[in-house]
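Visitor: I'd like to learn how to read a fold from its model. Can you walk me through it?

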Amino acid sequence: NVGTKIYGQTFTEVGVHDSIFETLQTAIGCDSVVMHKVVVKPDPTKLNYYVKMNKENDGDGRDWDNAMSGEDFATYLPLAPDGSTFYVAEGEYKLCTSISDFETNYYNRSFFIQSNVSILGGYSNNSSTNTEIHDNTLYPTIFSGDCGEKTPSLKDYILNSSIDSWNYDRSDTQVLFYIADGCDVKFKDLFFESSKLSSIVAETGNLMVEDCFFQENSSGIANDNASCISSKGSLILTNCAFEYNKCQNGYSGLIYFADECTIKNCTFSYNYGAYSPGGFIGSYSRSKKGKLSVIQSIFINNNKNNNTPSATLFNVNESFSSENCVYINNDFSRALILNRQTDSVSVSFVNNTVVCDSLYDDVPLFQAPQIDAEFSGNILCMHGNEFVRCNGNKINSKYNLFSELNVGSNWAKYYWTPSATDIVVEKREDAYALFDDPSLSAVLIKDKLSEDVNIRFPLTETAVSVDQRGVERLDPTCMGAYEIGCGNDTTIATV
């Protein structure tokens, strides 16, 4: 620990100290010189550390007036005791030179974690306490892997189909945060940008990510890392946004997990993946586990203008559930939502809105050898795509609304057909008419906004432009994520 005297010296600075020489005398009277490497850890009784781009006063991180620098944060982080919390002020934090004595290869320029810690951002440089309101939109705390200017930017490449290629600098390959085995870690109110291998790589342990933003990250080489998060333990994502991220060549595009993953109130838009058998979000192929739950999240315009798209949005080994989510205009080559090449998968798909506008009209929403599934209360504008494609299944389908549904293939015709409670209309415009006609609107008794106005009322008749989650209604459907009525819970209202 810091302040300890060893080898004739008292070490007052946290970090790795090498070239510590000691002279020893052997049994036969000869002198020998031994060089030691001393790892000095922080005081184990101090669990709160304050970080700014540049250190303040003493710079030991004990409070905001004595905040440590970003460089010292990188030194303290791998040595911090369990239960430590780092409060990080606004600014852009980078590791563009090799600093790690704990890992080699692609992790030698990573912020390295070896204990149970929390990293909280969004604090002003003028903060005085850790209880102040922190807001990453006002005071962005950015961890960036951009150690050299890139032309074009990854965002420009994804949005502009006339740009032929985007290349990363292999010498610039970097994981922003590498988490060792068995560590429980929380990230909150942070930006992760421009990593060249992955934003976060976590071994076994529990990973919580809240109110974070991932932008222009990439997975640069063929390996098990996704461009944003690779976790071999459990993963919980809450109120996060993923935009303009790209997978170069790995098995999974944005997020890779081994055990369980929960995604809630997140947005995924304009992300881009290379062709692979995996999904944008998927479980490790070597793991027999893999449970994914997606709640109140939006997926829009992913994989567009892509000549070599990923196979599917999700690829899980065990079970998948989606509730109150919106899927709009995503392109994938094997299945638009879920693909499983081997074994069976359990699916629960409830109260979701899906609008297909894919280049691949012949791919289904769901594909697996066997599916044990519940589909209920969904609005599905299919654009000629199939719904379910599988060899055998157990499907409970009820109270769904379909338009432009392809039921002509043997896959769909013989293994799934709409139930008596499903509604099937021929044209997408007919489905829109159920919501856009100013004279009729399907209203759920339990489905009210705070102003007692239902989201299904057309925009021309109400100033309410967001659904119950505060998410903007998506043109041209005027749909949120709660719009299908089931049985006695449906009434017809005159506007």
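Visitor: What share of the residues is buried here?

Guide: Buried means under 20% relative accessible area, with exposed over 50% and partly exposed in between (1.4 Å probe, protein chains only). In this protein chain, 54% of the 495 residues are buried. It's a predicted model, so local features need pLDDT of at least 70 and side-chain atom pairs count only at pLDDT 80 or more, while totals for chains, interfaces and linings use all residues. Residues are numbered from 1 along each chain as its sequence is written, and side-chain values use heavy atoms, leaving out hydrogens and water.

Visitor: How many helices and strands are there?

Guide: Both are DSSP runs numbered from the N terminus: helices (H or I) of at least four residues, strands (E) of at least two. This chain has 4 helices and 41 strands.

Visitor: Is Thr 141 buried or exposed?

Guide: Buried, with a relative accessible area of 0%. Thr 141 sits in strand E10, residues 141–144. Contact means heavy atoms within 4.5 Å; leaving aside residues up to four places away in sequence, Thr 141 touches, among them, Val 88, Ala 89, Tyr 123 and Phe 191. A polar atom of its side chain lies 3.3 Å from the backbone oxygen of Ala 89.

Technical notes:
Polar contact = N/O pair within 3.5 Å; in protein donor to acceptor, adjacent residues only side chain to side chain.
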